[in-house]
Amino acid sequence: MSKDLEELTKLNKDYVDSVQNCDVKRFDEILAQDFYCTNPDKSLVDRAAFLKQTAIPVKIKGLKAEDVKIRILGDFAIIHAQTSYTNADGESAHGRYTDCWARQNGKWLAVSAHVAR
């Protein structure tokens with residue numbers, strides 16, 4: 001399980017970094033084909049729409065995950081975390097997210113995300 005924890009820790013970092021850096025290529029590698037995301041505005045987007053919105057430059061800076069909790073349940077994992085960042089107005093802000101990961105064909109892929117700000 002420590003290998004899975006190590007891999008999911010890295011994938012979580014990649015996910016958060018990809019949000020900050022608009023890294024559509026990395027998201028394309030780590031999202032399951034049936035991925036869905038609930039955005040902070042309460043909209044639900046599928047994989048294609050998520051990749052499209054990821055390409056739009058973000059207005060936040062210094063995004064980082066804190067208080068990360070990774071729960072591994074066999075071939076399924078849930079990651080809960082708080083985020084901190086600087087918003088477009090230069091003010092400190094915080095949010096939370098929950099990401100769900102599934103091992104598919106021996107590889108961990110994000111299958112769901114829920115973001116709150």
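**Cysteines, cores and a domain**

A search of the whole structure turns up 0 disulfides. Keep in mind that this is a predicted model.

A disulfide needs the two sulfur atoms within 2.5 Å. Now take C37. The closest cysteine sulfur to that of C37 sits in C100, at 11 Å, so this pair is too far apart for a bond as well. Is C37 buried or exposed? C37 counts as buried because its relative accessibility is 1%.

The largest nonpolar core has 25 residues. Within this core, Y15, L31, F35, F50 and W101 touch the most other members. Helix 1 (2-21), helix 2 (24-30) and helix 3 (47-54) each supply at least two residues. So do strand 1 (31-38), strand 3 (61-73), strand 4 (76-86), strand 5 (92-104) and strand 6 (107-116).

Zoom in on F50. Leaving aside neighbours within four places in sequence, F50 is in contact with Y15, F27, L31, F35, C37 and V45. C37, the buried cysteine, is thus back in view as one of the contacts of F50. Another core lies apart from the largest one. This other core has 6 residues, among them A32, C100, L109 and V111.

Finally, step back to the chain. An unreviewed UniProt entry places the feature "domain: DUF4440" at residues 9-109. Over residues 9-109, the chain is 28% helix and 50% strand. The end C-alpha atoms of that stretch are 13 Å apart.

Technical notes
Residues are numbered from 1 along each chain as its sequence is written. This is a predicted model: local features need pLDDT of at least 70, side-chain atom pairs count only at pLDDT 80 or more; totals for chains, interfaces and linings use all residues. Side-chain values use heavy atoms; hydrogens and water are left out. Buried means under 20% relative accessible area, exposed over 50%, partly exposed in between (1.4 Å probe, protein chains only). UniProt positions are given in the numbering used here, feature names are shortened, and annotations may be inferred rather than shown by experiment. Helices (H or I, at least four residues) and strands (E, at least two) are DSSP runs, numbered from the N terminus. A nonpolar core is a set of buried Ala, Val, Leu, Ile, Met, Phe, Trp, Tyr and Cys residues joined through side-chain atoms within 4.5 Å. Contact means heavy atoms within 4.5 Å.
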